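Have the structure at hand, and go through each task one step at a time.

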Amino acid sequence: MIEFEDLGKANAPFFAAYGRAFEGVLRGGRYILGDAVRAFEADFAAYCGVPHCAGVASGLDALTLALQSFGFPAGSEVIVPSNTFIASILSVLHAGLTPVLAEPDLRTYNLDPAGLAERITPRTVAVVAVHLYGKCCDVPRLEPLARQHNLKIIEDASQAHGARIGQRKAGSLGDAAAFSFYPTKNLGALGDGGGVTTRDAALDGRLRTLRNYGSAEKYYNDVPGYNSRLDEMQAAFLRVKLARLDEIIAHKRQLAALYLEGLKEDFVKPVVEAGYFDVYHIFNVRHPRRDELRAYLLNNDVKTEIHYPVPPARQKAMRGLVDHFDCPVADTIHQTTLSLPISYAHTPGDVCRVIEVLNRF
Ligand SMILES: Cc1ncc(COP(=O)(O)O)c(C=O)c1O
């Protein structure tokens with residue numbers, strides 16, 4: 001059986017280093033916001049090419065606290081893609097703002113700047129630019145619109161650690177960027193974690209206060225904040241992984257190249273564009289008989305996933321909370337997409353086997 005994901009196997013090369021990291025934190029005796037969090041924040045900010053990173057408890061919190069840190073008037077509108085993971089939209093709601101959906105480009109699965117313009121109103125304050133599946137959203141094409149309408153760009157880089165457009169890395173493209181370190185991510189922890197990168201020192205300061213009970217100085221609370229700190233132990237593990245992130249990405253790009261080259265044209269493959277460095281958190285194909293294809297693969301010992309089966313606007317949780325916007329592009333993606341095995345634990349041999357099975361479909 002070729003698993004879709006085997007985190008034990010994918011993390012095995014790091015076990016010894018994780019053990020040393022665990023031991024270091026354990027013996028250090030500082031378990032909240034200690035040296036490991038500080039060091040990871042500095043390392044990850046440098047990796048993204050920005051001066052600041054604040055570690056928080058999850059990717060959802062990274063987005064929510066980033067949005068709150070801008071201090072937008074309550075109820076302001078924030079544009080979000082119609083085909084993202086629900087967290088991108090929940091964060092807007094949790095920050096007391098109004099999500100407005102916009103359709104993606106069917107080629108890239110990321111926000112279509114042309115469609116987005118139609119969704120801007122006088123109440124719009126920001127755009128959440130999701131870098132879905134590990135490909136950067138075309139932020140350079142969003143920038144003139146954002147300038148014209150005075151909008152902030154918040155990257156949802158939860159699936160795109162290390163992705164780039166030219167030399168501009170995810171995490172440095174917008175006014176702020178939110179990352180998830182959920183264990184399956186290319187830069188995954190051994191539990192939950194998140195981070196916000198930015199060039200804006202004041203924003204970073206507000207975010208650090210918000211994540212820690214609204215307190216910059218212990219027991220003095222300036223704003224009603226949260227307990228949303230990146231865990232010290234997770235930060236220590238993340239430092240181990242970050243040192244090997246480029247190697248993990250190179251491995252996944254090698255597997256993606258095999259799929260791109262080997263899969264027959266019946267499958268809609270991820271688009272490869274000049275200047276884009278994609279990191280393939282997910283490698284998806286689209287096919288009109290997706291469910292049949294998935295069952296066929298399982299019969300042939302290949303496990304797959306669907307990211308995602310139901311568009312956020314059609315989720316029960318969203319009833320009455322997002323506008324009744326028709327999302328035919330999002331519907332098409334959700335009905336036809338299938339994610340193939342691609343991880344640090346998979347070998348080129350595994351991928352060639354998947355290709356061979358797929359090409360017989
Ligand atoms: C696009 C996107 N945004 C946000 C999140 C939320 O991250 P977390 O699960 O760490 O809260 C995720 C991942 O789960 C994601 O894929």
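**Exercise 1.** Find which residues line the second largest cavity, and sort them by class.

*Solution.* Start with the volume: the second largest cavity of this predicted model holds about 30 Å³. On a 1 Å grid over the protein atoms alone, a cavity is a set of points where a 1.4 Å probe fits but cannot get out, whereas a pocket is an open set with protein on both sides within 12 Å along at least five of seven lines; lining residues have an atom within 4 Å of a point. Grid points are joined across faces, edges and corners, and the volume is the space filled by probe spheres set on the points.

Next, list the lining: Leu116, Val127, Leu142, Leu145, Ala146, Leu151 and Ile153. Helix H7 (residues 139-149) gives the largest share, 3 residues. Helices (H or I, at least four residues) and strands (E, at least two) are DSSP runs, numbered from the N terminus.

Finally, sort by class: 7 are nonpolar, with no polar and no charged residues. Here Ala, Val, Leu, Ile, Met, Phe, Trp, Tyr, Cys and Pro count as nonpolar, Asp, Glu, Lys and Arg as charged, and the others, Gly among them, as polar.

Two notes on the ground rules. Residues are numbered from 1 along each chain as its sequence is written, and side-chain values use heavy atoms, leaving out hydrogens and water. Since the model is predicted, local features need pLDDT of at least 70 and side-chain atom pairs count only at pLDDT 80 or more, while totals for chains, interfaces and linings use all residues.

**Exercise 2.** Describe the largest cavity and say which domains line it.

*Solution.* First, the count of cavities of 30 Å³ or more comes to 2.

Then turn to the domains, whose bounds come from an automatic or database domain assignment. The protein is divided into domain 1 (7-242) and domain 2 (245-359). The domain centres, taken over C-alpha atoms, are 23 Å apart. Each domain supplies at least three residues to the lining of the largest cavity.

**Exercise 3.** Work out where Lys185 sits in relation to the largest pocket.

*Solution.* Begin with the pocket, which has a volume of about 740 Å³. It is lined by 39 residues, and Ser180, Tyr182, Thr184, Lys185 and His281 are the closest to its centre. Helix H1 (7-11), helix H4 (59-69), helix H5 (86-94) and helix H10 (245-262) are the elements that give two or more residues to this lining. The lining includes 18 nonpolar, 14 polar and 7 charged residues, and domain 1 and domain 2 each provide at least three.

Now zoom in on Lys185, found in the loop between strand E8 (176-180) and strand E9 (194-198). Lys185 counts as buried because its relative accessibility is 14%; buried means under 20% relative accessible area, exposed over 50%, and partly exposed in between (1.4 Å probe, protein chains only). Setting aside residues up to four places away in sequence, Lys185 touches Ser158, Gln159, His161, Ser180 and His281.

Last, check the record: an unreviewed UniProt entry lists Lys185 for "modified residue: N6-(pyridoxal phosphate)lysine". UniProt positions are given in the numbering used here, feature names are shortened, and annotations may be inferred rather than shown by experiment.

**Exercise 4.** Is Glu155 buried or exposed, and where does Ser172, one of its contacts, lie?

*Solution.* Glu155 is in strand E5 (residues 152-156). Its relative accessibility is 0%, so Glu155 is buried. Beyond four places in sequence, Glu155 touches residues including Leu63, His131, Ser172 and Ala177. Between Glu155 and Asp175 there are 7.9 Å in space, C-alpha to C-alpha, although they are 20 residues apart in sequence.

Ser172 lies in the loop between strand E7 (168-169) and E8. With 7% relative accessibility, Ser172 counts as buried too. Apart from neighbours within four places in sequence, Ser172 is in contact with Cys48, Gly49, Val50, Glu155 and Arg199.

Note on methods. Contact = heavy atoms within 4.5 Å.
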